[in-house]
Structures are given as structure tokens and as C-alpha cells.
Amino acid sequence: MLELEAISVSYGDIPVIFGLSLRVKAGQIVSLIGGNGAGKTTTINTISGMLRPTGGDIRYEGASILDLPPHDRVARGIVQVPEGRMLFPKLTVRENLKLGAFQPALRKGLGRRMEEVWELFPRLRERMGQQAGTLSGGEQQMLAIGRGLMSAPRLLLLDEPSTGLAPVLVAEMFRAIRKINRRGVSILLIEQNAVQALRCAHHGYVLEQGHLFREGLPEALLTDAHIKAAYLGI
Amino acid sequence: MDTTILVQLVINGILLGGVYALAAIGLSLIFGVSGVLNLAHGEFLMLSGFLVFVLHDTFQWDPFLLVALVAPLFFLVGYAFEKALIRPLAARKEHVRLASAVLVTLGAALIAEDFAAFFSQDVQFEKSVDLFLPTLVIGELYLPSLKLVVFFLVMLLILALFLFLKFTFLGLAVQAVTQNRQGAMLNGINTTRINAIAFGIGTMLAAAAGGFEVIHSYVAPNIGLPLTMKYLCVIVMGGLGSFVGVALGGIIIGLGESIVGFFHPAWGQTVAYLLLVGVLLIRPKGLLGT
Ligand SMILES: Nc1ncnc2c1ncn2[C@@H]1O[C@H](COP(=O)(O)OP(=O)(O)OP(=O)(O)O)[C@@H](O)[C@H]1O
Ligand SMILES: [Mg+2]
């Protein structure tokens, strides 16, 4: 579904991603883990079209998407739930969700998809009329994901969805991610919470300072001595 | 000063402030969405006023009808202005972009002023439309009905803008871009286009205000920049991002001018700045800023 072919990305003159190749197959959850500053956010911002790679190619469903602006990538089903959530703080929960379906083609099924979001995160329904900026951290994260789902994603890019959540909520979040995936959405998951992220994934990638360090099946990565020491804290 | 005069001045001030509020909300919308302080904002008001004047002079059409025709035209002017002059700056680094935007909009303002002066022969030549409506007299108060009609229309336009922002997809998108541009992009909103639309709407509001100015007072080629500065005061006073605050700010500055103008008209601009400083001392983020 998605193939990064040896992409390199720089901020100005400073290179941060070096020839990264990565693929997400349809229906999969793929986890991308790595330490702070490894380049995870940079990678998905490049997939979303916020950054343009200096080299390499990004192919989605067989065709290069490098020339598509971000909103056209959303229209194709590539939807990012960003780190830091980036909600519209003065708009209500409902309005934030509505904007997830801003693309004209998405407005038709808006009501139905909103029902699906309520079902996944019942708490959001209770807070429908509340300003997004006044939600708790956990609720904001739910709203960010809910808003992403309103864009009818086919490939969902999740940037650290469990950050700042209490342990109970983290478990709930991973359950929600699996549920979304079972509905047929492919997911590229970025996480600090490496164990959980790898456990729910079909495939894993480990990024270190912009270089691909390891890739493979989650079981293999979870037992890799170096990865254990560096990311899993076990 | 006796109370009748005071009440009269307050009424005049509110009526005057309404038009300020309208144009200032336009400027604020543009600034909120694009981050560009459009120094040519007042020029669009002036040009629109002239256009209404010329059309009225030539065809004797109803000036209010002319405002309804000319204002939407300025939507296109604002849209094109953004596309031609502001959008090309977007790729620059932040501080370069800010400096360039000041130069570009200021340059446009100066050109607009010269353009209007050239065609009206004189920078200070005041143009106004003669439209007479009988003054309402209530007790000892004189209510200028023309200004009342204008005020009513101003409020109607502000209400329409509010409904647009609150209840349409496009309006919500405009708010979204103001509140989190990157979040908006990731939501599939074409933020480049929203920038142009915000310039269009903001300019349209300035144009409507220009039409109203020419109806109930006058326009002259050199009013643009001072007005832009006044709207800037209004926006900062109201609180960045709050349209209700901006509306209040407009009315407060209108009131200040009206009352001080009764004693001496020369101090109108000073009042705007003094009021601004006063408000900021008490509320550093403006009346309703957050
Ligand atoms: N806008 C920017 N300008 C310049 N450098 C940046 C910018 N954003 C990120 N970087 C740098 O690029 C590198 C990768 O950053 P990135 O945000 O992709 O890391 P990350 O893996 O997402 O880290 P974290 O887990 O802390 O979110 C870092 O060294 C960071 O300092
Ligand atoms: Mg990150």
C-alpha cells in the first residue's frame, strides 16, 4: 500500500533521514520505533506531504505521491494524527470532528462516521459541545484520532498516540488502534511505548538517528538484545 | 456638558464605531488566517468608496445597491491580491516573510493612494454621495437616520460573517486555519486557498465599509493608511482573535472620537491610541483576548 524508497529528508542544510526504506502492506499495523530525535515525526510528515524529501520516492497504491500537496494526500486516504494533537482549541468537539470530513467527497458519510467515532470513544459524545482546548489530555488524544477517522483513512499515521496518557488509558488506546485496524484501516504507528507498539504490530522498524537500524517481525525485534537494551528497558 | 449632548455624542460615537468595527473585523480575519498584517486594507476601503461614488455620479443608482454590487467585487480583488502578491512570499523564511509582507502591502497602499489621487486630481479631495434621509427626532435627541441604516447593515454583515464562520464547512475551515494551520493541513484543508478566501472576505468587508463611509461621510485618496492604523488599534484593543472584542473596540474608538471631537476634532487619532494604551494597561491581551 505504502512504500518509502530510500527517502532522505533535511531541514534546511541539516539532513535528518538517510535513505530510509519502509513499507506498509494493506491491512497491516506497522510500528516505527526509535529514540527521541530519531526522525520518526519527520518520516510521517514526509509521508503526509508537510516535508519534501531530498531524495528517494514515496509510492502509494503503486504511484508516486511526491507531487501531491497534503490535502490531496488526505483525499487519497493518507491521514495523519499528529504528535501534539494539533486540535482546533476554540472549536467544539463536534466541530473538530466535522472538520475531519472537510474534503467534499467525505461530507456525505459524515453522520455515519461520527457515529463510529462515538462508538469507539463514547466519552467524546458526552463532550460533544465542549471546546477542544478544555478537554483533558486523554480526551484530546481521542479527539485527535476521532478527527483522523472522520477523514475516512485508508492509511492512518499515528504519531505517539499514547503519550501523556495514564496506564489504563494507554491500554484502551491500543485496543482502539487494533479495533480501527480490524475495520480495514492500515496503520503506521509511531510509539515511545515500544513493547506495546511491537506487540500489536504485524511488522516493525527501528530508526536510529535517521538510519534504519533493524526491521522485522515484532517477535524478532522484541527478543533482539540491542533493541531490548536500548528501547524496551528489559 | 449637559446630558442630552452627552447622550447625543454617545449615539453618534456608536454609529461611527460600527463602520470601524466592520472594517477592523475584516483586517483581523486576514491577520488571523494568514499572519499578514495587510497595510493596504484601508486602501481597499478607499477605492471601494471611490468606485461607489463614481458609479453613483455616473448612473445615479441607489448607493446602497451599489455597495451590494461593489463589495462582492472586492472579494475578487482581495482574493487576487493574495494570490498575486502575498502567496509568493509563503516559501520564504519566517522573518523574511514578515518583512516582505510589510513592504508589499505598504507598497500596494502607496500605489493605491497615488492612483486615487491621480484620478481625483487632488489627495485631499473629498468625495461623498448625496443621499438625504430625514433625521429622526426623539425628544431632544437627533438620530441621523442614514447612519442608523448604515449601522443596522453593519450589524447584519457582522452577523452574517459570524453565521458563516460557525455553520459552514468553509467558515469552520477558516477558523481551523486560524487556530492551527498545520492541523488544518493534516485535515485535508487546502490552507493556501483558505488564505486567499480570507483575504477576499476581509477585503469585501473593508469595501462595504468604504461604501458606507462614502454614503454617510466621505472618502479621500489619503484616508487609507491612517484608517488601517486605526483598525490596527481596534484589533489590538479588542483582543487578537476575538471578533466580538474587535466589534467592541471599534465602537469604543468611535465613542472616543465622537466625544473628544466635540471639543476639538483635531485629536481624533490621538484618542484611538490613548484608548488603546489605556485598555492594554488594564487588560494586556485586549478586551476579550485570550
Ligand atoms: N522544524 C525543524 N527544524 C530543524 N530541525 C528539526 C525540525 N524538526 C525536527 N528537527 C530535527 O530533526 C531530528 C528528528 O526529529 P523528529 O521530530 O523527526 O524526531 P522524533 O523521532 O519524532 O523524536 P520524538 O520521539 O522526540 O518525537 C531531530 O534532531 C530534530 O531536532
Ligand atoms: Mg516525534
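**Two helices in chain A**

Reply: Let's start with who touches whom. On the α6(A) side, the contact is made by A:Gly138, A:Gln141, A:Met142, A:Ile145 and A:Leu149, and they meet A:Leu169, A:Glu172, A:Met173 and A:Ile180 of α7(A). Sorted by class, the residues of this contact are 6 nonpolar, 2 polar and 1 charged. Keep in mind that this is a predicted model.

Now for the geometry. Two packed helices are described by the angle between their axes and by the distance between the axes. Here, helix α6 of chain A covers residues 137–150 and helix α7 of chain A covers residues 167–182; they pack at an angle of about 5 degrees, with axes 11 Å apart. Angles under 35 degrees count as roughly parallel, so α6(A) and α7(A) are roughly parallel to each other.

Chain B has a pair to set beside that one. Helix α1 of chain B (residues 3–34) packs with helix α6 of chain B (residues 169–179) at an angle of about 60 degrees, and their axes are 7 Å apart. That angle makes α1(B) oblique to α6(B). The contact brings B:Leu29, B:Gly32 and B:Val33 of α1(B) together with B:Val174, B:Val177 and B:Thr178 of α6(B). By class, that contact has 4 nonpolar residues, 2 polar ones and no charged ones.

Back in chain A, there's ligand 1 to look at. It is surrounded by 13 residues, and the closest are A:Asn36, A:Lys40, A:Thr41, A:Thr42 and A:Glu83. Helix α1 of chain A (residues 40–48) gives the most to this shell, with 3 residues. The shell's classes come out as 3 nonpolar, 7 polar and 3 charged residues.

Zoom in on the ligand's oxygen atoms. One lies 2.7 Å from an N or O atom in the side chain of A:Glu83. Taken alone, ligand 1 exposes 640 Å², and the protein buries 59% of that.

How values were computed. Residues numbered from 1 in each chain as written. Chains lettered and ligands numbered in written order. Predicted model: local features only at pLDDT ≥ 70, side-chain atom pairs only at ≥ 80, totals over all residues. Heavy atoms only, no water. Axes fitted to C-alpha atoms, helices over the stretch in contact; angles between N-to-C directions. Helix = DSSP H or I, 4+ residues; strand = E, 2+ residues; numbered from the N terminus. Parallel < 35°, antiparallel > 145°, perpendicular 65-115°, else oblique. Contact = heavy atoms within 4.5 Å. Nonpolar A, V, L, I, M, F, W, Y, C, P; charged D, E, K, R; others polar. Near = heavy atom within 4 Å. Polar contact = N/O pair within 3.5 Å; in protein donor to acceptor, adjacent residues only side chain to side chain. Areas by Shrake-Rupley, 256 points an atom, 1.4 Å probe, with all protein chains shown as cover.
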